[in-house]
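I opened this model to look up its helices, its aromatic pairs and a few loop residues. The entries below are in the order in which I went through them.

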Amino acid sequence: MQSIIEWIEQKNPELQEEILPDTDLIEARLINSLDFLEFIYLLEQVSGRSVDLDQVTVDDFRSLNRIQEVFLTDPAPTAAR
């Protein structure tokens, strides 16, 4: 998670406040459309999994808490057949 916070801070050098786990990153314009693909690439590097843009919504990127839940938490194991 630290590398994600560092990326956001690098993209927003004017940021004066700490990014809280529930800060709305989109509403606060900390992640913008120009940098979104770079952010996806970062998430893939940090999580070790590809991000299927057909399976996510903008809300999945809205806060650090949500990013942790969707991208950085191991998926639940599937039941054996």
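The entries start with conventions and go on to helices, rings, core and loops.

**Conventions.** I am working with a predicted model, in which local features need pLDDT of at least 70, side-chain atom pairs count only at pLDDT 80 or more, and totals for chains, interfaces and linings use all residues. Residues are numbered from 1 along each chain as its sequence is written, and side-chain values use heavy atoms, with hydrogens and water left out.

**Helix α2.** I took helices as DSSP runs (H or I, at least four residues; strands would be E, at least two), numbered from the N terminus.

I then asked which residues of α2 are buried. Buried means under 20% relative accessible area, exposed over 50%, and partly exposed in between, with a 1.4 Å probe and protein chains only. The buried ones are Phe 39, Ile 40, Leu 42 and Leu 43. They lie on the same side of α2, because they cover an arc of only 160° around the axis. The arc is taken over the directions from the helix axis to the C-beta atoms. Leu 37, Tyr 41 and Gln 45 are exposed on the other side of α2.

The buried residues of α2 pack against α1 and α3, where contact means heavy atoms within 4.5 Å. After α2 I noted Gly 48, with a positive phi near 75°.

**Helix α3.** In α3, residues 64-71, I find Leu 64, Ile 67 and Phe 71 buried. Their arc around the axis is only 60°, which puts them on the same side of α3. Among the elements that cover them are α1 (2-11) and α2 (36-47).

Leaving aside neighbours within four places in sequence, Phe 71 is in contact with Leu 43, Ser 47, Arg 49, Val 51, Val 56, Asp 60 and Phe 61. The C-alpha atoms of Phe 71 and Asp 60 are separated by 8.5 Å, at 11 residues apart along the chain.

**Aromatic pairs.** A pair of aromatic rings is described by the distance of the centres and the angle of the planes. I paired rings of Phe, Tyr and Trp (its six-membered ring) if their centres lie within 6.5 Å; planes under 30 degrees apart count as stacked, over 60 as edge-to-face and the rest as tilted. How many aromatic pairs does this rule give? The count comes to four. One of them is Phe 39 with Phe 61: the centres are 6.5 Å apart and the planes are at 70°, so the pair is edge-to-face. Phe 39 lies in helix α2 and Phe 61 in the loop between α2 and α3, so this pair ties together parts that are 22 residues apart in sequence.

I also looked up the accessibility of both partners. Phe 39 is buried at a relative accessible area of 0%, and Phe 61 is buried at 2%. Ring pairs link Trp 7, Phe 36, Phe 39, Phe 61 and Phe 71 into a cluster.

**Nonpolar core.** I defined a nonpolar core as a set of buried Ala, Val, Leu, Ile, Met, Phe, Trp, Tyr and Cys residues joined through side-chain atoms within 4.5 Å. The largest one has 18 residues, of which Ile 4, Ile 8, Leu 25, Phe 39 and Leu 43 touch the most other members. At least two residues of this core come from each of α1, α2 and α3. Not counting residues up to four places away in sequence, Leu 25 touches Ile 8, Ile 19, Leu 30, Ile 31, Phe 61, Arg 62, Ser 63, Leu 64 and Ile 67.

**Loop residues.** I looked for polar contacts, meaning a pair of N or O atoms within 3.5 Å; within protein, one must be able to donate a hydrogen and the other to accept it, and residues adjacent in sequence count only if both atoms are side-chain atoms. Thr 23 lies in the loop between α1 and α2, and its side chain reaches the backbone nitrogen of Leu 20 at 3.0 Å. Ser 63 is in the loop between α2 and α3, and a polar atom of its side chain lies 3.1 Å from the backbone nitrogen of Arg 66. Ser 63 counts as buried, at 12% relative accessibility.

Last, I checked Arg 29, in the loop between α1 and α2. Arg 29 is not a glycine, yet it has a positive phi of about 60°. Arg 29 is exposed, with a relative accessible area of 67%.
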